[in-house]
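Dear colleague,

Please find the structure below, with notes on what came out of it. They begin with a single residue and then turn to the chain as a whole.

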Amino acid sequence: MKLLILFTVLVNLKSVISFEQKVVPSCNQNEPVCEFNWVIDYLETMVYFSEEQNPRPVVVRDGVLQKRLGCNNYENITDTELERVITAEGSYKVLFAINGQVPGPSIVVYEGQQVVINLKNNLLVEGITIHWHGMVQRGTPWMDGVGTISHCPINAGESFTYRWIAEPIGTHWYHAHLGVERTDGLAGALIVLPKDSDKKTNGVAELPDFAEEYVMVLQDWKYSPSVEVNQEINWGLTGYLRDLNDPECYTTTVETDGGGVGLTAFESAVINGKGHYFINRTMVPDTPMLPYETFMVEEYKYYRFRIVHAGMMFAFRISFDKHAVQVVSVDGNDVIEEGAESVIIHGGERVDIVIFADQPIDNYWIRIETLESKTVAGEEIEPGKVLGVLRYQSASTDLPKTERMKCDADNRCKVINCPFKLFPDSHYTDCMPISDLKSTKETLEKQPVPTFQSPDEFQEVFINFHFSNVNIIYILYWMRIEKIYPTGDFMVDCKDKDCSDHCQCTHIIELQRGKVVQIVLLNMDDAPFSMPHPIHMHGHHFHVLKIGFPEYNSTSGEITKQNPDIRCNTADCNTPTWANEEWLGGNVPGINLVDPPLKDTIMVPGRGYIVLRIKADNPGSSFFPIISGLNKQNSVETDTS
Ligand SMILES: *[C@@H]1O[C@H](CO)[C@@H](O)[C@H](O)[C@H]1NC(C)=O
Ligand SMILES: *[C@@H]1O[C@H](CO)[C@@H](O)[C@H](O)[C@H]1NC(C)=O
Ligand SMILES: *[C@@H]1O[C@H](CO)[C@@H](O)[C@H](O)[C@H]1NC(C)=O
């Protein structure tokens, strides 16, 4: 009986569909509605699912990947069959899949198109909601998909139809917004193309014609299920390298500035579901026969990569051996092209880059590396990584032999979007903060930088996040509360609590419609180390006017002092303001009101701040829009007691 049930469940998932790495519009641009039918079901990595036979585990045997057909019966797996296996880093893990895909199928629609997703939850117990990250949901805040805040979960066995307008254009993504399903399969790319213009130029005249556009969904990958990882973090059980079965100890790692990187060990990462576990962080993978995600290019052509960070914890530095990256868009918003050796992407962010295939016909490594630099004890370590391949047409199918660019005094490396201001001297590397990117004219015309004439058109908000003191690692998002749960345990208003010290509550800030709202996001606390953290605002894209970094030792690159522009007022910095009161009312020196980049997710540097602006023009269901930060300021002690 038990077997029968298991069998019935498994055949629901007929087969795994290989990930489409190219950007292919899902509907014709003249269609007013673009409709998707999604079935969400379980799937397992390293298992071959097909319509013809029962699912088969994939194993390494005789130095090759084989399907295990029986106790002593193995068969080589063909390349075509392997395309239908989510190999990840080579271990087995049950995931959630949309129509048999991990990452989920890319949604590629046109601006203004009505997007309809008929979702069927075929899981046994888990509820689901899907957040459309980057969509502003103008007039449809109830479609934002934030589980238990703006949306009741779609329970096991239930169906639900999402319906919203594709706006704005650009590279976005979608992901489950309930628990930790997002990092176990329920995420994918969501691309909005401009209508009535050549998609290859994205409406920006200066960009070249792209021979192809590729999707790259990046994720750091844990051997254990995310629900386990999440709980073990909450319980303070992060001192094991891989999981509790592994007695080897894990020491927290930090960036060059001393800021915390991950609360658990980096194990591996995947590009479009494909990765490797690299033993001791060398170039030696644990299972070398696993496929590398490979992108084909032709000589002297341009390629656009739409990159999504759908991961859990670790920021990634992206570089292509022998090829410069040209950043053309951040979080879907076009910026004036900026070349660099590499670009950093944080959880929730998107970056579009252009690669010009101007090198000899060959294979080149694509490197996606963490920012880990040393252990908290000061021992230097190699960054964690995942590798992909850039393969020129007619090159061999051998793996690349290329080396990472050496940054030295004669060839300094430029990196865009560092979570800190500078690298140590010895790295010969220069950081370009994301705030130094410039919006294109078209981006500014579509969404001008909010300015105001009189003080009553202006609202100023300071919000401090306490990342280092928090044992909840993700989904510290900003949310618009639609008051599905106006009362109850989940929503304890900070007003009803004594928050003079750390507390756990929901921080609600009412924004007045039509006002220019300047928000200062802070990352200040009294923990011994700092931790940069990305923040995502729902319902708006904001202009990044300024980043305030802390003070550093310019030789070692380590943080020495919290940024002095902020006066914390209390030890835990819960009632902060500008140190110089003349900065109030929008008079912050050094803010860019001319052409700042537009984003919806931003890394708040440890012991630093971000100044951003929105126009409060996208109300929720109430007359005044309500924005809330889940300001969970609980200390580890409070939560574990
Ligand atoms: C399986 O693949 C290996 C390596 O390509 C090859 O040596 C072997 O002969 C194959 N086995 C069968 C049964 O085809
Ligand atoms: C990895 O490093 C450890 C500790 O240095 C060493 O004992 C082990 O042999 C290494 N493993 C491999 C496969 O290189
Ligand atoms: C800055 O860092 C360098 C290198 O670690 C160290 O030698 C120096 O003493 C530091 N300077 C200060 C002022 O702490």
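Met 296 counts as partly exposed, because its relative accessibility is 29%, a value between the 20% and 50% cut-offs. This is a predicted model. The residue sits in strand β17, which covers residues 294-297.

Which residues does Met 296 touch, leaving aside its neighbours within four places in sequence? They are Tyr 214, Tyr 303, Arg 391, Tyr 392 and Gln 393. Of the pair Met 296 and Arg 391, the C-alpha atoms lie 4.9 Å apart, although 95 residues separate the two in sequence.

**The protein overall**

The protein has 641 residues, and 59% of them count as buried. Its secondary structure comprises 42 strands and 5 helices. Among contacts between residues at least 6 apart in sequence, 77% join residues at least 24 apart. The exposed surface comes to about 25200 Å², with carbon and sulfur atoms supplying 51% of it.

Helix α3 spans residues 226-234. Buried residues in α3 are Ser 226, Val 229, Asn 230, Glu 232, Ile 233 and Asn 234. In general, residues three or four places apart on an α-helix point the same way, because a turn takes 3.6 residues. After α3 comes Gly 236, which has a positive phi near 75°.

Counting those of 30 Å³ or more, there are 8 cavities. The second largest cavity has a volume of about 100 Å³. Sorted by class, the lining has 5 nonpolar, 4 charged and 3 polar residues.

**Confidence**

How far does the predictor's confidence reach across the protein, and what is the mean pLDDT? The mean is 87, and 87% of the residues reach 70 or more. Over residues 1-11, pLDDT stays under 50, and the model gives this stretch 2 contacts beyond four places in sequence. Residues 470-489 also have pLDDT below 50, but here the model has 92 contacts beyond near neighbours in sequence. Where pLDDT is low, predicted coordinates should not be read in detail.

Regards

Notes:
Residues numbered from 1 in each chain as written. Chains lettered and ligands numbered in written order. Predicted model: local features only at pLDDT ≥ 70, side-chain atom pairs only at ≥ 80, totals over all residues. Heavy atoms only, no water. 1 Å grid on protein atoms, 1.4 Å probe; cavity = no way out; pocket = protein on both sides within 12 Å on 5 of 7 lines; lining within 4 Å. Points joined across faces, edges and corners; volume = space filled by probe spheres on them. Nonpolar A, V, L, I, M, F, W, Y, C, P; charged D, E, K, R; others polar. Helix = DSSP H or I, 4+ residues; strand = E, 2+ residues; numbered from the N terminus. Buried < 20%, exposed > 50% of the residue type's maximum accessible area, 1.4 Å probe, protein only. Contact = heavy atoms within 4.5 Å. Areas by Shrake-Rupley, 256 points an atom, 1.4 Å probe, with all protein chains shown as cover. pLDDT = per-residue confidence, 0-100.
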